[in-house]
Amino acid sequence: MATDIYSLDFEPNKIAHQQEELGMVFADEDTAVQLMKEEKNMIVAELTVYYSQNTSYKNTSELNAHIYSDKRFKEFVERYRKTLKGRNRSKIRHETYKTFVENLRTKVVNERELAKKNL
């Protein structure tokens with residue numbers, strides 16, 4: 001969801017709603033990343049059992065080479081990359097919007113102060 005924060009009017013309810021929506025998108029994306037970290041652990045465990053039972057290897061490094069070069073792990077890494085990219089972008093949108101709101105508040109306060117001094 002693209003947001004043109006520079007075209008917004010000063011409508012506190014609209015701004016608060018937009019900030020909440022961006023925060024919820026980030027929260028959802030962050031949850032997906034956390035779940036995928038757990039999925040990684042499960043995939044590594046499953047592949048460890050599989051390769052321990054079905055191949056011979058000399059040391060842990062060789063076992064890890066089997067695990068990390070496995071098609072299932074590579075597919076997971078690609079999905080994780082896309083999910084992490086989405087989370088990072090949603091975080092940037094959320095943080096940028098929060099900064100915009102803070103700047104807008106500062107601008108409004110400054111304008112009020114100037115108006116009080118008839119400047």
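## Helices and a few residues

At 45% relative accessibility, Glu102 counts as partly exposed, because that value lies between the 20% and 50% cut-offs. Keep in mind that this is a predicted model. Glu102 has its place in helix H3.

Is Tyr97 buried or exposed? With a relative accessibility of 1%, Tyr97 counts as buried, because buried means under 20%. From Tyr97 you can follow the chain to Glu111, 14 residues apart, where the C-alpha atoms are separated by 21 Å.

Thr83 is another residue placed in helix H3. Its relative accessibility is 17%, so Thr83 counts as buried too, the cut-off being under 20%. What does the side chain of Thr83 reach? It gets to the backbone oxygen of Arg79, at 2.9 Å. If you leave aside the neighbours within four places in sequence, Thr83 is in contact with Glu29, Ala32, Val33 and Met36.

| Residue | Relative accessibility | Class |
|---|---|---|
| Thr83 | 17% | buried |
| Tyr97 | 1% | buried |
| Glu102 | 45% | partly exposed |

Now zoom out to whole helices. Two packed helices are described by the angle between their axes and the distance between the axes. Helix H1 covers residues 12–54 and helix H3 covers residues 71–116, and they pack at an angle of about 160 degrees with their axes 8 Å apart. Angles over 145 degrees count as roughly antiparallel, so H1 and H3 are roughly antiparallel to each other. Sorted by class, the contact of H1 with H3 has 18 nonpolar, seven polar and 11 charged residues. As for handedness, the crossing of H1 and H3 is left-handed.

H1 has another partner, helix H2, which runs over residues 60–68. At what angle do the axes of H1 and H2 cross? They cross at roughly 120 degrees, and the axes come within 9 Å. This crossing of H1 and H2 is right-handed. On the H1 side, the contact is made by Val44, Leu47, Thr48, Tyr51 and Ser52, while H2 brings in Leu63, His66, Ile67 and Tyr68. Those residues divide into six nonpolar, three polar and no charged.

Definitions and conventions. Residues numbered from 1 in each chain as written. Predicted model: local features only at pLDDT ≥ 70, side-chain atom pairs only at ≥ 80, totals over all residues. Heavy atoms only, no water. Axes fitted to C-alpha atoms, helices over the stretch in contact; angles between N-to-C directions. Helix = DSSP H or I, 4+ residues; strand = E, 2+ residues; numbered from the N terminus. Parallel < 35°, antiparallel > 145°, perpendicular 65-115°, else oblique. Left-handed = near helix turned anticlockwise from the far one by under 90°. Nonpolar A, V, L, I, M, F, W, Y, C, P; charged D, E, K, R; others polar. Buried < 20%, exposed > 50% of the residue type's maximum accessible area, 1.4 Å probe, protein only. Polar contact = N/O pair within 3.5 Å; in protein donor to acceptor, adjacent residues only side chain to side chain. Contact = heavy atoms within 4.5 Å.
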